[in-house]
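Hello,

Here is the structure I promised to hand over. Please have a look at it first; my notes on what I found follow below.

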Amino acid sequence: MPLAILLGSMAALLAWQINKFALQRVGEKWILPAPAAEETVKTVAAVLGGADIFLTHLFFGVVEGFWEYYNRRNGVLAGLAALASHSVFGFTTLWVYLRWGQWVVALGAGILVHTAWNYLIIKHACRGHNN
């Protein structure tokens, strides 16, 4: 577990830097590829580092959850959503990996679920602004 804590935390910091850099360069268009970047960083870190895939995703979610808690108006809900969603992404990735034995296939599943989650969140957030 300590390795998953370290790799999940490092993956969160790396993803934050990647997202920050990409948003500065391409703006809001980055919303579409961002899940692929985050899931790749988490999953590759776990696979190459020999850590538990689910726990690496979980601790990524813990780091993101703390950031959301301290930086969002609805911090408690946003933080819990980050923790829950990254746990689901990690569970999905691990389940597909255990089922098919291919981490690249598992990564693809995690990316699809994360992208669907972001779509739902953005659609819900925009709905309130269109009224």
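**Contacts and overall fold**

In the protein, 63% of the contacts with a separation of 6 or more are between residues 24 or more positions apart. Please keep in mind that this is a predicted model.

The protein has five helices and zero strands. From the N terminus on, the elements run α-α-α-α-α. The radius of gyration is 14 Å, close to the 14 Å that the globule rule gives for 131 residues, so the protein is as compact as a globular protein of that length. Its C-alpha atoms fill a box of roughly 45 × 30 × 25 Å, taken along the principal axes. Of the 131 residues, 37% are buried.

**Nonpolar cores**

The largest nonpolar core has six residues. They are Ala4, Leu7, Ala45, Ala51, Leu58 and Phe59. Helix H1 (2-26) and helix H3 (53-71) each supply at least two residues of this core. A second, separate core has five residues, including Ala11, Ala12, Ala15 and Val41.

Ala4 is worth a click. Leaving out residues up to four places away in sequence, Ala4 touches Ser9, Ala51, Asp52, Leu55, Thr56 and Phe59. Two of these contacts, Ala51 and Phe59, also belong to the largest nonpolar core.

**Helix H2 and Lys42**

Helix H2 covers residues 34-49. H2 has 16 residues and reaches 22 Å from its first C-alpha to its last. That is close to the 22 Å expected at 1.5 Å a residue. Its buried residues are Ala34, Pro35, Ala37, Glu38, Glu39, Val41, Lys42, Thr43, Ala45 and Ala46. Just after H2, Gly50 takes a positive phi of about 75°.

Is Lys42 buried or exposed? Lys42 has a relative accessible area of 0%, so it counts as buried. Which residues does Lys42 touch, not counting those up to four places away in sequence? They are Ala11, Thr56, His57, Phe60, His86 and Phe89.

**Aromatic rings**

A pair of aromatic rings is described by the distance of the centres and the angle of the planes. The count here comes to two aromatic pairs. Tyr69 and Tyr70 form an edge-to-face pair, 4.8 Å centre to centre, with 85° between the planes. Tyr69 has 44% relative accessibility, so it counts as partly exposed. Tyr70 has 61%, so it counts as exposed. Trp95 and Trp100 also form an edge-to-face pair, 5.9 Å centre to centre, with 80° between the planes. Trp95 is partly exposed, with a relative accessible area of 45%.

Trp100 has a charge over its ring as well: Arg99 lies over the face of Trp100, at 5.0 Å from the ring centre.

**Thr92 in helix H4**

Thr92 lies in helix H4 (residues 75-100). Thr92 has a relative accessible area of 17%; buried means under 20%, so Thr92 counts as buried. What does Thr92 contact, leaving aside its neighbours within four places in sequence? The contacts are Ala109 and Val113.

Best wishes

Notes. Residues numbered from 1 in each chain as written. Predicted model: local features only at pLDDT ≥ 70, side-chain atom pairs only at ≥ 80, totals over all residues. Heavy atoms only, no water. Phe/Tyr/Trp six-rings, centres within 6.5 Å; stacked < 30°, edge-to-face > 60°. Buried < 20%, exposed > 50% of the residue type's maximum accessible area, 1.4 Å probe, protein only. Lys NZ or Arg CZ within 6 Å of the ring centre and 35° of its normal. Helix = DSSP H or I, 4+ residues; strand = E, 2+ residues; numbered from the N terminus. Contact = heavy atoms within 4.5 Å. Expected span 1.5 Å × (residues − 1). Core = buried A, V, L, I, M, F, W, Y, C linked by side-chain atoms within 4.5 Å. Rg over C-alpha atoms; globule rule 2.2 N^0.38 Å.
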